[in-house]
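Trainee: I would like to learn how to read a sheet. Please show me the structure.

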Amino acid sequence: MVTNSRSIDPGELLRSRPTNTFKGLISWLCLLFILCAVSLLLVFAVMVLVSPGMTEYATDSVHEFAGSVPRHLEETPDGGYVEIQAPELVYEYGVKIVSAVAVMLTALILVFAFRQDRRAFEAIVARWLGWVWMEAKLIIIACFLVFLLSLMGNSSTPLIFTAGVLGVLLLYFLCLDVGRNRRFFGHNIIHSVLLRINDFHKMTTFQQRALRRAYSVIGVCAALIAFGLFGYGILINLLPPPHRDKLALTVPFVSVVGVIGAVWWYILSLKRDLRDWNLLMDQITEMYGGNLDAVNHVPPTSNLYDCAMQLNMIRTGVQKAVEEGTKADRTKIELITNVSHDIKTPLTSVISYVELLKKEELSPAARDYVDILSQKTQRLSVIVQDVFDVSKAATGNISLNLDDLDIGRLLKQTFVEMEEVIEHSKLQFRVDIPDTPMLVHADGQRLYRVFQNLIRNCTQYSLEGSRVYVSLVAQSGLASASIRNVSKTEITMKGEDLTARFVRGDQNRTTEGSGLGLSIAKSFTEACGGRFFVRTDGDLFVATVQFPLVGGETIKGMA
């Protein structure tokens, strides 16, 4: 048997686990501590090799640790001396060495235990280092080299140890920067300035003007402050003593007034931009709401004038596209209407001749052919009538005869007239229609067609042997008729998509539906002033027709 499983690399699993920043910081600090300790040991070893005095000092330290020195005198705070024996020295230095070794081992354990977290933290440090300009890094390196040169001929042990530690740390950060970023010389001041200039040229006119205005205000304020400071310093030294202080203070006063004026001018300019921006947002809001005639009145002196003109051109383009789309849709519907009307005349003649053939003496085979021909012509007649009705509803040319009628009685009448179709479908209809009259204002003929299409839709698409539930209720001033059934095929579309023209719930086209039944039902319902919507839940199909009761509350948003 072939499987798709593969062995998991422990290293890959470790690399893919989430990292902890705090653990990474601890491991990184331990690594720096180990580097500093190693650098101190290396510096000490070099000093022992090159300096005889350091050799004697190292030898005495070893003898003290071994306890082989005679007696050791240590000065007390009162000026006396206390004799320390060798065993005490061995204990003292032994504790120090053991503690140092324990600290080093602990640091090593943390370095290796959290190495994955440390690598992630080093990536963060390298990213911070990448933000520093190359010139700043070179200045730091130059300062360190100057510090090393200043130590030549200087035998100060603390300075030598400090230079060793700083050198190791500087080398570590340099390797981290070069190894991770690989752009040590690429990120410099000249490159950053060129990038900012390039970004400035890529900006829109409004961005350029806004930045230029901000930079100008900053430059003017800086120049006024410098003028005030230097002017005060010059006048305080050049003017005679009697009125020197008062006259010298006039320069800072003028500079402060200039700074306040520049800031106030910038605030007023920003306020005008915000006002023009609100005009553009109001236009966008109106266009989003469907008002394509909305225009803005931004003055030509505004920084947003270019954006305003572009938005007006977009409005014109959208309006033109909508008009062309509406015209094309109207042309298409008119074409369908004319074609349907032209087909009806010859189709009526065909149906009439088929009926005449049925009255003739025909052989059994010819009789079967005539029956099939009669069925197909009747189906074609229904399709043509559906197309004609939906095209009239779409263009608004449908004629209505609105009147107050009992929707419950109309629904019962529809079931009576379609009794033969319901019995032939072998479905179980559960009808719950109260006897209390529910008066609605609608066209009885169109509303009858709505219920007829819904019932026929159930007989064509419901699961064989299932139940169809029909109910009529009155609540909140509305008469709501709903029909629920279980589809024989899987419903893969949303309810609102099923009410579109030429859309069928059965995509295999094994039934005789035209895909216009629900569309006609929705168009006729809305034309009469009601609401029609479809809801699907798995294979459950629910169609609902709502009308305001006469004398009751109206539906929110209903015409």
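Trainee: What stands opposite Ser480 in S9?
Mentor: Two strands pair if DSSP finds at least two bridges between them. Strands (E, at least two residues) and helices (H or I, at least four) are DSSP runs, numbered from the N terminus. Here, Gln546 in S9 stands opposite Ser480. Leu478 faces Pro548 of S9. S7 and strand S9 (residues 540–548) run antiparallel, joined by 9 bridges.

This is a predicted model: local features need pLDDT of at least 70, side-chain atom pairs count only at pLDDT 80 or more, and totals for chains, interfaces and linings use all residues. Residues are numbered from 1 along each chain as its sequence is written, and side-chain values use heavy atoms, with hydrogens and water left out.

Trainee: How many bridges join strand S6 to S7?
Mentor: S6 (residues 467–475) and S7 are antiparallel too, with 7 bridges. Ser471 has Ser482 in S7 as its bridge partner. Their hairpin has 2 residues between the strands, and Ser476 takes a positive phi near 55 degrees.

Trainee: Is S7 mostly covered or mostly open?
Mentor: Buried means under 20% relative accessible area, exposed over 50%, partly exposed in between (1.4 Å probe, protein chains only). S7 (residues 478–486) is mostly covered, with 7 of its 9 residues buried.

Trainee: In what order do the strands form the sheet?
Mentor: The open sheet has 5 strands in the order S4-S6-S7-S9-S8, with mixed pairing. Strands S4 (428–432) and S8 (531–537) stand at the edges, each with a single partner strand, so one side of each has no neighbour in the sheet.
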